[in-house]
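Subject: Structure handover

Hi,

Here is the structure for you to look at. My notes on it follow below.

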Amino acid sequence: MSLFPSPLVSLQSGCWFKLICGASFQHLPAIRTLALVYGLAGADCVDVAADPAVIAAARSGLEVAQSRSGRSPWLMVSLNDGEDPHFRKAQFNPTQCPSDCSRPCERVCPTGAIDPGGVTESLCYGCGRCLHICPLDLIGARSYVSTPSAIASLVLPLGVEAIEIHTVPGRYDDFARLWRSVEPHLDRLQLVAVSCPDGPNLADYLRSLYDLMAPGLRAAGCALIWQTDGRPMSGDIGAGATRAAIALGQKVLQLRLPGFVQLAGGTNDRTVPKLRDLDLLGPNRLAGVAYGSYARSLLKPVTDRLEALELAAGQAVPIETQPELLAEALTLAQPLFAPLKSPHAPIPLAALPP
């Protein structure tokens, strides 16, 4: 039996933990490993790209986590109603790079997606750190928008329990168009999240979205999360990034919208201690935190070593077949999830079946 509460109870009690694998991140072995490790660590939800192969990889990892912990996090896919930095890939022509370039793009890339051959698309999650650092301005970005017809026919039937729609203030018509494609399928879902950064008329915009969604959510019995995207994809760049996440969370919390409020965008190991200092976590306060780039960076030493083992073996090496690596990954993850799940105890490694 799991030592952690169910996802819904976590939301209600203020200890909700969501792992963001990345709306554009498509490195399947890493996604499987992240889902498995953080599933064991106590994640309530794992958010991935709306890609059938990515969904299958995450589901595979979550099934192993469930078999060992007795608990199944919700699997979420991210959608967007328009251009959004979470839904893009860096791109450039490496033949245009001068031979004497110091290649600052490689140094700033958090996933190692850039090398002399260009951009490895499956590793790029659209953080944009390379876009303005190229001395010759050779790097651009390719963006994409969720297609309503594809969502209905390809994504939602794959057994996901939750969706998240990324939007910005002022895109009501685009949001409504996407919502109409989702609404007929709400009876399959446990949760709908709306991710939105700050912007002009934020309060009025979020209220208009709630009025649009409320009838369908009530009919299907879906929970609703307002994800406050404080400083997108920046949790791994420094401790100060969490300030924007907390400030926007407080702003949206004061609107007293129906549903739960959850932080994202700049979250890291400083986030929960600061929230506890401010007494912002708990029922009728912030429901929890989503971790993306910071959570992934914590496990990068393990995923890199696992990838090296796979290259040497010439085949996939599931992390559950490497007990020492799995134990190391859980040890690396614990400082992030334990403060949020307190007083819920982390799963003792010795208690996990082989």
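V252 is buried, with a relative accessible area of 4%. Buried means under 20% relative accessible area, exposed over 50%, and partly exposed in between (1.4 Å probe, protein chains only). V252 sits in helix α8, residues 242-253. Helices (H or I, at least four residues) and strands (E, at least two) are DSSP runs, numbered from the N terminus. Leaving out residues up to four places away in sequence, V252 touches L202, L206, W226, T228, L257 and V261. Contact means heavy atoms within 4.5 Å. Take L202 from that list: V252 and L202 are 50 residues apart in sequence, and their C-alpha atoms are 8.7 Å apart in space.

Some ground rules. This is a predicted model, where local features need pLDDT of at least 70 and side-chain atom pairs count only at pLDDT 80 or more, while totals for chains, interfaces and linings use all residues. Residues are numbered from 1 along each chain as its sequence is written, and side-chain values use heavy atoms, with hydrogens and water left out.

Overall picture

The protein has 11 helices and 12 strands. Of its 354 residues, 53% are buried. Among contacts with a separation of 6 or more, 78% are between residues 24 or more positions apart.

Y205 belongs to helix α7, residues 202-220. Y205 is buried, at 6% relative accessible area. Not counting residues up to four places away in sequence, Y205 touches D81, T167, V168, P169, G170, R171, Y172, F175 and C196. Y205 and V168 are 37 residues apart in sequence and 8.7 Å apart in space, C-alpha to C-alpha.

P339 lies in helix α11. P339 counts as partly exposed, with 28% relative accessibility. With residues up to four places away in sequence set aside, P339 touches V272, R276 and Q334. P339 and T271 are 68 residues apart in sequence and 9.8 Å apart in space, C-alpha to C-alpha.

Helix pair α10 and α11

Helix α10 covers residues 293-313 and helix α11 covers residues 323-341; their axes come within 9 Å and cross at roughly 170 degrees. Axes are lines fitted to C-alpha atoms, for helices over the stretch in contact, and angles run from 0 to 180 degrees between N-to-C directions. α10 and α11 are therefore roughly antiparallel to each other. The angle classes are: under 35 degrees roughly parallel, over 145 roughly antiparallel, 65 to 115 roughly perpendicular, and the rest oblique. On the α10 side, the contact is made by Y294, A295, L298, L299, V302, R305, L306 and L309. On the α11 side, L325, E328, A329, L332, A333 and L336 make the contact. By class, the contact of α10 with α11 has 12 nonpolar residues, no polar ones and 2 charged. Ala, Val, Leu, Ile, Met, Phe, Trp, Tyr, Cys and Pro count as nonpolar, Asp, Glu, Lys and Arg as charged, and the others, Gly among them, as polar.

Pocket and cavities

Terms first. On a 1 Å grid over the protein atoms alone, a cavity is a set of points where a 1.4 Å probe fits but cannot get out; a pocket is an open set with protein on both sides within 12 Å along at least five of seven lines; lining residues have an atom within 4 Å of a point. Grid points are joined across faces, edges and corners, and a volume is the space filled by probe spheres set on the points.

The largest pocket has a volume of about 480 Å³. Its lining has 25 residues, and F25, H27, P29, A30 and T303 lie nearest its centre. α2 (28-41) and α10 are the elements that give two or more residues to this lining. α10 gives the largest share, 9 residues. The lining of the largest pocket divides into 12 nonpolar, 6 polar and 7 charged residues.

There are 5 cavities of 30 Å³ or more. The second largest cavity has a volume of about 130 Å³. It is lined by 19 residues, with A90, C124, C127, G128 and C130 closest to its centre. Strand β4 (residues 88-91) gives the most to that lining, with 3 residues. The lining of the second largest cavity has 13 nonpolar, 3 polar and 3 charged residues.

Backbone points

D279 and N284 both lie in the loop between α9 (271-277) and β12 (288-291). D279 is not a glycine, yet has a positive phi of about 55 degrees. N284 also has a positive phi, near 65 degrees. N284 is exposed, with a relative accessible area of 79%.

Best wishes
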